[in-house]
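Reader: I'm new to this one. Can you walk me through it?
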Amino acid sequence: MRWIRALSAETGEGADTLGGKALGLALLHRLGLRTPAGFVVTTDACRAFLRDGRLPDGLHDELAAAVAGLERATGRAFGGPRQPLAVSVRSGASVSMPGMMSTILNLGLTTGATAGLAAETGDPAFAEDSRQRLLSSLAAATTDDGSVPDDANRQLELAIEAVFSSWDAPRARAYRAVHDLPHDLGTAAIVQPMVFGNRDDHSGTGVAFSRDPNTGENAPYGEVLFGHQGEDVVSGASMTRPLCALAHREPVVWTELRDALSRIEGHYRDACYVEFTYQSGELWLLQVRPGRFVGAAAVRLATELVDERAIGRDEALRRVSAEHLKHVRTPRIASSEETRVLARGVGACPGVAVGRVATTPERAVRMARDTPVVLVRPETSPHDMHGLVAAAGIVTARGGPASHAAVVARAMGKPAVVGAAELAFDSDTGTVTADGLSLDDALVTIDGTSGEVALGRPRVVADQAGGHLHRLLVWADDISGDHSERSDSQRLAAAHAALAPRGDT
Amino acid sequence: MNNPPEEEANMYTPETRTPDAALLALHALRCVGAASTARLHGVTGLDESDLASELIDLGAAGLVTRFPGEPPCWALTDAGRVADAERIAHELDSAGARGAVEAAFGRFLVLNPELLDLCRAWQLRDVDGGVSANDHRDPAYDARVLDRFADLDRRAASVCTELSAALPRFGRYRLRLADALDRAAAGELEYVTDDLASYHTVWAELHEDLLATLGKQR
C-alpha cells in the first residue's frame with residue numbers, strides 16, 4: 001500500500017514516515033505485549049492532505065482494505081449492527097508536541113452499531129456513553145459545524161482529516177515556531193480497534209511510569225481511572241486514583257502491568273512510561289516511550305541502573321545533563337509513609353511553600369499579615385491578583401501548566417500546584433475539603449515539582465539525590481581524572497568533556 | 001473612609017466628569033480586582049483625580065471599599081458587584097451590542113489557549129526531556145516567542161476592533177496590549193507575563209471583562 005502501513009512486530013520504517021507513537025506500538029508488538037492490532041496512515045498522506053486540501057487519491061480504497069484487515073483480526077464488523085467494531089484515530093508525529101493534536105475515540109458507532117453494541121453487551125448505557133463521546137470529540141475536532149455522518153467509513157475519513165488538520169492548527173504552528181521545529185513534517189494517524197475502559201466494573205484506564213518520576217525510586221508510579229476512557233485521564237475531567245489502587249482492585253491486571261513495565265525497561269535500559277486501558281480484566285498497552293526523568297530523579301535513576309548492571313558508568317554520566325543538576329537541589333517534600341497527601345495536581349512552579357489555607361484573595365491578604373498563606377482556589381482570574389501577591393504558594397483545582405494561575409505563579413516565582421482535582425469547593429459556603437478534611441485555615445505544605453498538597457509540615461529536603469549524586473560525581477572524577485575541589489556542575493562538565501571523544505559506545 | 005462626599009446628590013455632575021466615568025471605575029474594579037487609583041488610571045485612561053472622586057462617591061453609595069496601604073487600594077463590595085452586573089448589562093443592551101460582543105468573545109476563546117501556550121513558552125523551556133525556567137539568555141528563542149506574540153496580537157487586534165466598534169470602552173485593551181508588546185520588544189521583558197501591565201495581565205483582564213459583560217461564568 002502507498003499510504004498505509006500495518007502495525008506489527010515487522011513494522012520497519014522510521015519516525016519520519018510513521019511518527020514516534022507508531023514506533024512505540026511496533027516495539028510493544030516485538031516485545032510480545034498486548035496492544036491492539038492497527039495501522040498507520042503515513043505522514044506522506046498528511047503532507048498530501050495539507051497540500052491539496054483533501055485526502056490523497058487511493059487512500060479511500062486502502063482504508064477499506066486496512067479496515068477489512070482489522071475486521072478479520074477481531075472478528076467484528078466496522079459500523080455493523082452485530083458485533084460492531086469501533087476504532088480510535090490518534091495523531092503521532094516524529095516530533096513531540098504535547099497536547100496540541102487531536103485524538104478521536106469510538107469511531108464507527110453509528111446508530112445501528114450503537115444498538116448492536118448495546119445488544120451484545122446487554123449494557124445500553126455503556127453503548128450510548130461511548131457514542132456520545134464520539135459525537136462530542138468528532139464535533140470538537142472538526143471545524144465546520146456539519147453533523148457527524150451516520151456512516152462508519154465516512155466517520156473514519158473525517159477523523160483522519162481532523163487529525164491531519166490539527167497539524168496546522170494555530171496552537172501547533174505556534175509551538176513549532178517557538179521550538180524551531182519544521183512545519184513540513186506532518187503527522188501520522190494511527191487507527192486501532194477500541195479497547196473500552198468504560199466497558200464494565202472490571203475496566204479502566206491509566207498512565208504508568210516504571211519508576212517514580214518525582215524521586216527516581218524503583219516503584220511503579222502513575223494514575224488510574226476506574227470505568228473510564230483514556231481521554232479522561234489526560235484531560236483531568238474525572239477523578240483519578242494513584243496507580244497502586246490497581247493492585248487491590250485488579251490484581252491480575254496489576255501483575256501483568258508490572259511485568260510489562262519491567263520488560264520495556266529491559267529494552268530501553270531506561271525508565272519508561274506507558275498509557276494503558278483494561279477492558280473486562282484484560283490489559284492493553286496503547287502507548288510507550290522512555291521515562292524522560294529530570295533533576296534528582298534522573299540522578300537516582302542513572303545511578304541505580306548502574307547498580308542493576310543495565311548501563312555502565314559512562315552511560316549514566318551521559319544521561320545526567322547540566323540541566324538536571326541545576327534542579328537537583330530544588331526543595332521537595334520528602335517521600336514518607338507518614339505524610340498525608342490531601343490532593344495531587346500538576347506542579348506548575350517548583351519549590352515548597354508552607355502556610356495556612358485561604359480560599360479567597362481577601363482572606364489571603366488579611367491572614368498574610370500574621371502568617372504565611374497558601375491560596376487555594378477553583379481556578380484564578382485577575383480578581384485573585386492581590387491574593388496571589390500575598391500568598392506564599394498557590395493551589396488550584398482546575399487548569400493545567402498553562403493556566404492563568406500557573407503563568408502568574410511563575411511570574412512571581414511562587415511554588416504552585418494546578419489541577420488538583422480532588423479539592424472539593426462548596427460554592428455556597430466558600431469552603432474547600434480534600435480527603436474528607438475541611439482545609440480552611442489548615443496548615444498545608446505544597447510541592448510545586450510533584451504537585452503534592454500535604455497536611456501539616458512534612459519533612460522537606462533539598463538534597464533528595466544526596467547519596468546518589470555523591471556516587472555519580474565520584475565516577476565523574478574518575479573519568480575526568482580531576483579530583484580537585486570544584487562545584488558539582490564543573491565535575492560533571494569535566495566528565496562529559498572526557499567522554500565526548502569516545503563516541504556512543 | 002477619609003473623605004466622604006459632602007452631598008450624595010453630587011454623585012454625577014455632568015459638567016465636570018465624563019458621564020460614564022462612574023461605571024468605568026466600577027467596572028474596572030470588577031475586571032481587575034483590588035487596585036490603586038494609579039493602576040485604575042492605566043486600566044481606564046481616566047485622570048487619577050477624577051477616579052479618586054468617582055471612587056469616593058461609589059464608596060459612599062456602598063459599592064466600593066478602600067483598603068489602607070501604600071498605595072491604598074479600592075475593591076468592589078458585594079453590592080458593587082451586583083450593581084456592576086446590572087449597569088454593564090444595561091449598557092450592553094442599550095447599545096444593542098450583545099450579539100457583536102458574543103461573536104467577538106467566541107473568537108477570543110479561540111485565541112485564548114494559544115496565548116496561554118505562548119506565556120508558558122516565554123516562562124519555561126523544554127530542555128533535556130524536562131522543563132526549565134526560561135533564563136532569557138537565548139535571544140533567538142525569546143525572539144521566536146515574541147514573534148509569535150506579535151502574530152497572535154495581529155489576530156487579537158481584529159477582535160479588539162470588533163469589540164470597540166460595539167462598545168467604545170473596549171478600545172483601551174487594544175492600546176494596552178500594543179503597549180505591553182512594544183515595551184517587551186524594546187527589552188522590557190517583564191511586560192510579557194510579569195508586570196501588572198503585562199500582555200498576559202491585560203489579556204486576562206479582557207477575558208474577565210468579556211465574561212462579566214456577557215454575564216457568563218468561567
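Predicted model: local features only at pLDDT ≥ 70, side-chain atom pairs only at ≥ 80, totals over all residues.

Reader: Which domains does chain B have?
Author: Domain 1 (8-93) and domain 2 (97-214). The bounds come from an automatic or database domain assignment. Over C-alpha atoms, the centres of these domains of chain B are 25 Å apart.

Reader: How much area do domain 1 and domain 2 of chain B bury between them?
Author: About 1,300 Å², with 53% of it on carbon and sulfur atoms. Buried area is the accessible area (1.4 Å probe) that two parts lose on being put together, summed over both.

Reader: Which residues of domain 1 lose the most area to domain 2 in chain B?
Author: Cys31(B), Arg39(B) and Leu92(B). Together they make up 42% of what the domain 1 side buries.

Reader: New topic. How many salt bridges cross the interface of domain 1 and domain 2 of chain B?
Author: The rule finds four. It asks for a side-chain nitrogen of Lys or Arg within 4 Å of a carboxyl oxygen of Asp or Glu. Arg98(B) forms a salt bridge with Asp93(B), and their closest N and O atoms are 3.0 Å apart.

Reader: Which helices of chain B each supply at least two residues to the domain 1 side?
Author: α1 (21-32), α2 (37-44) and α4 (78-94). Helices here are DSSP runs (H or I, at least four residues), numbered from the N terminus.

Terms used
Residues numbered from 1 in each chain as written. Chains lettered and ligands numbered in written order. Heavy atoms only, no water.
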